[in-house]
Amino acid sequence: VRTDIVVEDLLRRLAPQVLGVLVRRHGRFDACEDAVQEALLAAAVGWPQDGIPDNPYGWLVTVADRRMTDQLRSEQARRRREDRVAAEVPADSSFARAAGDDPPPEHDDTLTLLFLCCHPALSPAAQIALTLRAVGGLTTSEIASAFLVPEATMAQRIRRAKQRIKATGIPFSMPAEPERAERLRVVLHVLYLIFNEGYSASSGPDLQRGDLTREAIRLTRAVHRLLPDDGEVAGLLALMLLTDARRAARTRSDGALVPLAEQDRSLWNGEAIREGIALVTDALSRRPVGPYQIQAAIAAVHAEAARAEDTDWAQIVALYELLERVSPNPVITLNHAVAVAMLRGPRAGLDMLDGLDDDDRMARHHRLEAVRAHLLEMAGDEHAALSSYRTAARRTTSLPERRYLESRAARLGQHARSS
Amino acid sequence: VKYMLLIYQNPAAFQALSEEERNAVFADVDTIMKELTESGEWIGGDGLADPSQTKTVRVRDGVPAVTDGPYLEAKEHLVGYCMFECESIERATEIATRWPDARHWAVEVRPLMSAAGTEM
């Protein structure tokens with residue numbers, strides 16, 4: 001393993017610990033976060049050449065603390081000049097503690113930091129960017145390239161998120177119940193969004209973005225370690241592992257997408273599947289059962305089928321019925337319709353789609369037309385299927401999806417001409 | 001989602017605007033660009049040189065033919081583009097509505113394709 005990768009993993013793991021101790025010491029999340037980022041950058045450049053220090057945590061705390069102290073001093077000096085106050089300010093007294101000898105803290109600040117970065121006052125884009133930087137220890141440039149935006153754009157999103165935290169006075173502390181449960185839901189959603197961003201990109205030339213999946217799994221693992229009894233945290237981790245297990249099978253070498261039914265299941269990651277199934281089996285015994293647990297259970301049923309035709313659709317339909325009760329939303333209805341079609345025939349699935357045509361969130365969505373096209377094709381109505389595939393292909397903003405839908409349409413078109 | 005704003009103008013009509021009207025167009029563009037930069041939505045953009053500076057290239061049977069001037073003899077030309085990333089098409093349309101060229105000519109908002117995708 002290359003040293004820079006070892007260093008990168010170490011820095012990402014230590015980042016929230018270092019930030020936590022600094023915020024506890026100085027307050028001022030925004031300035032501390034900048035100081036930690038500078039220390040991480042210094043380490044990322046220096047350690048691969050000079051070697052990893054004996055106490056990497058202490059090194060980072062010392063460097064970050066020094067930056068923080070320098071900044072506070074220069075601010076004090078500026079204020080003094082501005083206020084024309086002649087009085088001596090004992091500049092050293094408040095920063096006198098030697099930081100480098102500190103052992104890593106006994107309690108873990110990762111969760112408190114996550115609650116802060118995923119505060120509902122921030123937009124999802126801001127929550128994601130700040131979480132990856134402050135908790136994930138990624139640099140602004142890494143986050144920018146993962147989201148395919150210029151570094152300046154990402155830097156501004158992070159700056160703005162931190163300004164907002166400062167302006168709204170969001171505290172660095174664990175929220176109390178019942179707010180805590182609601183806030184944890186937001187944290188999990190942000191981790192889920194990071195995962196999806198990486199997963200949907202994990203093909204072809206976008207490997208850098210696929211790194212987001214690894215990062216989302218790592219952070220969710222950390223939350224699971226801190227909250228082992230929370231069923232939804234375990235459910236989300238299981239869902240990520242079971243979904244990511246299909247990564248190698250979901251695209252062909254030329255980047256074309258392979259639907260679940262046609263995937264080469266020998267390429268699925270057996271280790272991730274075993275871990276995911278064990279997690280979800282345990283999570284389902286915890287109450288209340290939430291949407292991540294149920295989605296993980298559905299992914300587990302797929303994972304347990306050795307061949308697509310062995311899939312236990314009756315169990316999947318039952319799980320979707322439960323999911324629709326727990327967290328009704330049109331995307332779930334869409335997936336439910338596919339499962340119903342597999343169990344009871346395509347017409348039963350198509351009937352379920354009718355309700356979605358009136359739903360503003362779905363009516364113009366390419367996925368609705370894509371599912372309709374598949375079910376029409378299953379039902380043997382090739383003419384209508386062709387037209388739905390073409391509509392879906394026009395609506396999607398994903399190149400591989402458009403390619404997939406166009407090739408399905410072309411296949412039907414050829415078929416229609418030759419018959 | 002990332003969007004591209006395609007900005008159209010009639011160069012002759014733009015020249016015919018009063019100094020004040022033209023300055024208002026530039027000032028409005030400055031304001032929106034500043035706002036989008038501040039919000040972290042701005043990705044980039046550029047203006048295009050006058051349509052007369054265009055080279056149109058066609059290759060037929062491997063033989064390139066290069067001609068001066070735009071392909072289409074239109075009165076309204078693409079004079080610039082910019083890209084931003086925002087939460088919804090409603091927000092993207094709102095930005096387009098405020099782009100000053102929309103008052104005089106038209107702007108188009110188009111979603112960018114992404115290389116990411118989910119198997120179906």
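Here are the questions, each followed by a reply.

Me: What kind of model is this, and how are its parts numbered?
Reply: Residues are numbered from 1 along each chain as its sequence is written, and chains are lettered from A and ligands numbered from 1 in the order in which they are written. Local features need pLDDT of at least 70, side-chain atom pairs count only at pLDDT 80 or more, totals for chains, interfaces and linings use all residues, and side-chain values use heavy atoms, with hydrogens and water left out, in what is a predicted model.

Me: How many residues does each chain bring to the contact?
Reply: Contact means heavy atoms within 4.5 Å. By that rule, chain A brings 37 residues and chain B brings 19 residues.

Me: What area is buried between chain A and chain B?
Reply: Buried area is the accessible area (1.4 Å probe) that two parts lose on being put together, summed over both. Carbon and sulfur atoms give 52% of it. The area is about 2,200 Å².

Me: Which residue of chain B meets Arg157(A) in a salt bridge?
Reply: A salt bridge is a side-chain nitrogen of Lys or Arg within 4 Å of a carboxyl oxygen of Asp or Glu. The rule finds two across the interface of chain A and chain B. In one of them, N and O are 2.9 Å apart, and the partner of Arg157(A) is Glu85(B).

Me: Which element gives the largest share of the side of chain A that touches chain B?
Reply: Helices (H or I, at least four residues) and strands (E, at least two) are DSSP runs, numbered from the N terminus. Elements that give two or more residues to this side include α5 (124-135), α7 (151-168) and α18 (399-418) of chain A. The largest share is six residues, and it comes from α18(A).

Me: Which strand gives the most to the lining of the second largest pocket?
Reply: A pocket is found on a 1 Å grid over the protein atoms alone, as an open set of points where a 1.4 Å probe fits, with protein on both sides within 12 Å along at least five of seven lines; lining residues have an atom within 4 Å of a point. The lining here has 24 residues, and among those nearest the centre are Gln9(B) and Gly47(B). With five residues, the most comes from β5(B).

Me: Where are the prolines Pro178(A) and Pro288(A)?
Reply: A cis peptide bond joins Glu177(A) to Pro178(A), with omega about 0°. The bond from Arg287(A) to Pro288(A) is also cis, with omega near -5°. Pro178(A) sits in the loop between α7 and α8 of chain A, and Pro288(A) in the loop between α11 (270-283) and α12 (291-304) of chain A.

Me: What is the phi of Arg28(A)?
Reply: Arg28(A) is in the loop between α1 and α2 (29-50) of chain A. Arg28(A) is not a glycine, yet its phi is positive, at about 55°.
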